[in-house]
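Hi,

Here is the model I said I would send over. Have a look at it first, and then read my notes below.

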Amino acid sequence: MNTSAKTNMPSSMVSVGGGESRTSKATNNVKMRAKDVKVFYGDTQAINGIDIDIYENEVLAFIGPSGCGKSTFLRCLNRMNDTIDICRVEGEITLDQKDIYAPDRDVVLLRAQVGIVFQKPNPFPKSIYENIAYGPRLHGLAKRKAELDDIVESSLRRAGLWEEVKDRLDQPGTGLSGGQQQRLCIARTIAVSPDIILMDEPCSALDPIATGKVEQLIDELSESYTIVMVTHNMQQAARVADRTAFFHMGDLIEVDSTDTIFTNPQNQRTHDYITGRYG
Amino acid sequence: MSITIEQRRQHRLMTIEKSLSTRHRKERRFRRLGLAAVIVGMTLVATLFASILMRGLPAFWQATFYMELYFDPEVIQVEDKPQQASGESQAEFNQRFAAWQTQVGLVNWQSLIDAALQETLDEEIEPRQLRDLRALLSSNERFTLRNKFVEDPSLLGQTIEVKMLASANVDVWIKGNIDRDLADARQQLSAQTRAWADQLYDAGVIRNAFSTSLFLNTDSRSAPASAGLAGAFMGSLFMMVIVIALSVPLGVASAVYLEEFAPKNRLTDIIEININNLAAVPSIVFGLLGASIFIGYLGLPLSAPLVGGLVLTLMTLPTIIIATRASLRSIPPSIRQAALGIGASKVQTVFHHVLPIALPGILTGSILGVAQALGETAPLLLIGMNAFVANVPSTPFEQSAALPVQIYLWQGNELRNFFEARTSAAIIVLLALMLSLNALAIWLRKKFETRW
């Protein structure tokens with residue numbers, strides 16, 4: 001289904017190693033780095049100072065009980081929290097060694113580099129084609145119609161949706177099934193060629209079959225993208241993530257390779273959560 | 001064991017069944033009440049429309065004379081209509097033409113009409129009967145005749161069939177809008193005139209013809225039969241254009257700014273409360289405001305559609321702002337996040353995604369606001385639009401009437417039994433205008449509706 005994505009990939013990026021559950025493409029280059037990040041909603045502190053490195057081409061999963069701040073932290077990484085009036089972010093987050101909260105930083109450019117896929121599929125109430133073409137057109141990535149058509153097709157192919165929708169690109173994106181909509185949203189995100197894709201519980205609104213497809217897609221996308229995902233589903237983290245970070249009450253408790261987190265956690269609270277004592 | 005599990009189960013089921021029947025009864029009662037409310041409402045609306053239509057529709061047809069008229073050269077003794085000679089300046093020609101028009105104006109056109117009536121009645125009319133004779137026709141028909149001749153001087157010496165409005169009183173008499181058995185002293189027409197009217201009606205000279213004057217003429221006091229809505233219609237049209245041109249962009253822009261861009265703080269809270277309060281301010285207060293600011297301070301003309309439009313704009317703005325904000329607020333935040341997430345700026349998000357989806361709601365709100373403004377009378381009274389203006393305005397700066405004010409003026413006219421129908425006819429015109437605006441709103445809503 002995704003042969004084109006695989007053949008297009010530079011051969012240098014195919015590095016084998018890491019966990020048993022999947023073939024990791026992660027490198028040791030730090031793509032994003034968070035230093036002492038604190039987030040406040042009005043007077044309430046939601047994140048209590050988090051330090052974490054995100055490596056190029058890795059799949060990093062955030063797990064933890066509800067309200068632990070994992071989504072909040074994820075949304076700091078492309079400044080989606082800016083849209084919430086009462087939200088305030090302290091500390092430093094860098095992308096390729098550059099502070100993303102610097103005053104001269106253009107948030108539009110940042111979000112073109114760090115794309116996001118939301119929990120609930122949210123296609124625009126426009127045609128499938130327009131859903132994908134909107135981002136590239138917005139950023140002037142395609143000069144001519146043919147280029148735009150190419151971007152639309154390759155994005156849909158990479159999202160594994162092309163075969164299903166190629167004959168009805170002019171139909172509304174909202175008419176697709178839930179799983180197809182979510183893959184459409186992923187295609188929409190990769191159409192602007194970001195470096196990093198954030199995913200906020202991308203499968204929580206999907207049935208098991210659609211979830212399986214999206215997980216397979218994440219695996220394939222990690223060849224060319226860095227992926228940071230929030231998930232409620234620990235099996236999902238175990239299946240797709242190179243590394244897993246456990247959040248609790250606004251603190252980052254532990255981050256390590258997924259195998260270590262699930263088989264030999266260093267922290268008691270991680271252990272309790274993994275074994276189902278709470279959460 | 002005295003109570004078995006089976007008995008308990010039976011008991012539980014009975015309890016639920018009992019509560020069910022009360023619930024069903026309540027639901028039925030509520031549904032019937034709702035239906036009754038709808039029926040009462042519909043009946044009232046139907047009664048309103050029926051009574052307006054019953055009174056107003058006959059006014060669209062008016063007693064009209066169709067008779068032969070001889071353009072007698074003995075009476076019309078004027079020079080030939082001047083033509084612009086080569087080498088003659090425009091000013092010289094205009095002067096010559098004006099002189100000719102004065103000559104034409106001095107012709108005794110009434111005597112031509114008198115003669116035509118005399119011919120049609122086939123009777124010798126004594127001079128003392130002239131007054132009764134002239135009461136048959138609308139008093140300004142002699143000017144209509146003059147204008148016809150100015151248009152086409154070749155009519156001189158010809159006999160043609162002319163169409164002339166009967167006087168308002170004849171119209172009332174023919175249509176039976178006055179009690180025919182009233183004593184002579186209480187009748188508006190003399191016995192002779194009434195007899196002639198009946199005679200001519202039977203002869204088919206007076207017919208009920210579709211009244212173009214209702215649409216083409218302005219209001220008139222000297223010749224009520226020819227009173228029309230043209231001036232009021234144009235006045236209302238100008239005001240509507242001004243209201244749409246000003247209040248829709250201003251209102252939508254303010255709503256978009258307040259809803260999408262403004263920070264949420266005390267100041268914006270105060271602004272929001274005040275907009276909501278403004279929507280509830282009685283319209284006559286806006287009239288006062290307009291009178292003092294636009295007329296008193298800025299010195300804009302009295303009775304002009306421009307000022308009326310400005311006042312109605314003030315009145316409509318809060319309605320449009322509230323409707324637009326409600327429409328924007330109903331857009332799911334996920335759409336905004338989706339656009340922001342792929343790097344659209346806030347302005348792009350609003351203009352590419354939020355506004356297009358909100359458009360049907362905004363349009364509906366705006367058009368209903370404009371329709372409300374169109375029917376507003378009170379603020380117009382305060383800026384002098386209740387003045388009697390017999391003029392079709394060609395610009396919004398000229399004095400003008402307005403449809404709702406015209407209805408108000410006509411319903412107070414002393415010639416009751418003629419203007420009662422005229423008033424209802426004007427209401428029908430106003431309602432037709434409103435209904436077409438509302439139909440437009442529905443059509444736009446359907447056209448731009450987003451299918452999810």
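In chain B, the buried residues of H16(B) pack against helix H8 (213-216), H9, H14, helix H15 (378-382) and helix H17 (416-448). Before I go on, please keep in mind that this is a predicted model. H16 itself covers residues 403-411, and its buried residues are B:Leu403, B:Pro404, B:Val405, B:Gln406, B:Ile407 and B:Trp410.

H13 of chain B, residues 333-341, is the other helix I went through, with B:Ile335, B:Arg336, B:Ala338, B:Ala339, B:Leu340 and B:Gly341 buried. What do those buried residues pack against? On the chain A side there are helix H3 (107-113), strand E6 (114-117) and helix H7 (178-190). Just after H13(B) comes B:Gly343, with a positive phi of about 95°.

Leaving out residues up to four places away in sequence, B:Leu340 touches A:Met80, A:Thr83 and A:Arg111 in chain A, plus B:Ser345, B:Lys346 and B:Thr349 in chain B. For a sense of distance, B:Leu340 and B:Ile295 are 45 residues apart in sequence, and their C-alpha atoms are 48 Å apart in space.

**The two chains overall**

Chain A first. Its secondary structure comes to 11 helices and 10 strands. The radius of gyration of chain A is 18 Å, close to the 19 Å that the globule rule gives for 279 residues, so chain A is as compact as a globular protein of that length. Along the principal axes, its C-alpha trace spans about 55 × 45 × 35 Å. Buried residues account for 53% of the 279 in chain A. If you take the contacts in chain A between residues at least 6 apart in sequence, 68% of them join residues at least 24 apart. The accessible surface of chain A is about 12100 Å², and 47% of that belongs to carbon and sulfur atoms. As for charge, chain A has 31 positive and 38 negative charges, and their mean positions are 4 Å apart.

Now chain B, which has 17 helices and 3 strands. Is chain B compact or spread out? The radius of gyration of chain B is 32 Å, well over the 22 Å from the globule rule for 452 residues, so chain B is more spread out than a compact globule. The C-alpha atoms of chain B fill a box of roughly 120 × 70 × 40 Å along the principal axes. Here, 42% of the 452 residues are buried. Among chain B contacts between residues at least 6 apart in sequence, 77% join residues at least 24 apart. Chain B exposes about 24400 Å², with 61% of it supplied by carbon and sulfur atoms. Its 39 positive and 37 negative charges have mean positions 24 Å apart.

Chain B is also divided into domain 1 (59-211) and domain 2 (230-448). The C-alpha centres of these two domains of chain B lie 44 Å apart. The contact between them takes 11 residues from domain 1 and 8 residues from domain 2.

**A few single residues**

B:Arg146 sits in helix H5 of chain B, residues 141-151. With a relative accessible area of 26%, B:Arg146 is partly exposed. Setting aside neighbours within four places in sequence, B:Arg146 is in contact with B:Val104, B:Gly105 and B:Trp109. B:Val429 is 283 residues from B:Arg146 along the chain, and the two C-alpha atoms are separated by 31 Å.

I also noted two backbone angles. Most residues other than glycine have a negative phi. A:Asp36 has a positive phi, near 50°, and is not a glycine. Where is A:Asp36 found? A:Asp36 is in strand E1 of chain A, residues 30-41, and at 39% relative accessibility A:Asp36 counts as partly exposed.

The other one is B:Asp122, also not a glycine, with a positive phi of about 55°. B:Asp122 lies in the loop between helix H3 (109-121) and helix H4 (130-134) of chain B. At 68% relative accessibility, B:Asp122 counts as exposed.

Cheers

Definitions and conventions: Residues numbered from 1 in each chain as written. Chains lettered and ligands numbered in written order. Predicted model: local features only at pLDDT ≥ 70, side-chain atom pairs only at ≥ 80, totals over all residues. Heavy atoms only, no water. Helix = DSSP H or I, 4+ residues; strand = E, 2+ residues; numbered from the N terminus. Rg over C-alpha atoms; globule rule 2.2 N^0.38 Å. Buried < 20%, exposed > 50% of the residue type's maximum accessible area, 1.4 Å probe, protein only. Contact = heavy atoms within 4.5 Å. Areas by Shrake-Rupley, 256 points an atom, 1.4 Å probe, with all protein chains shown as cover. Lys, Arg positive; Asp, Glu negative; His and termini not counted. Charge placed at Lys NZ, Arg CZ, Asp CG, Glu CD. Domains from an automatic or database assignment.
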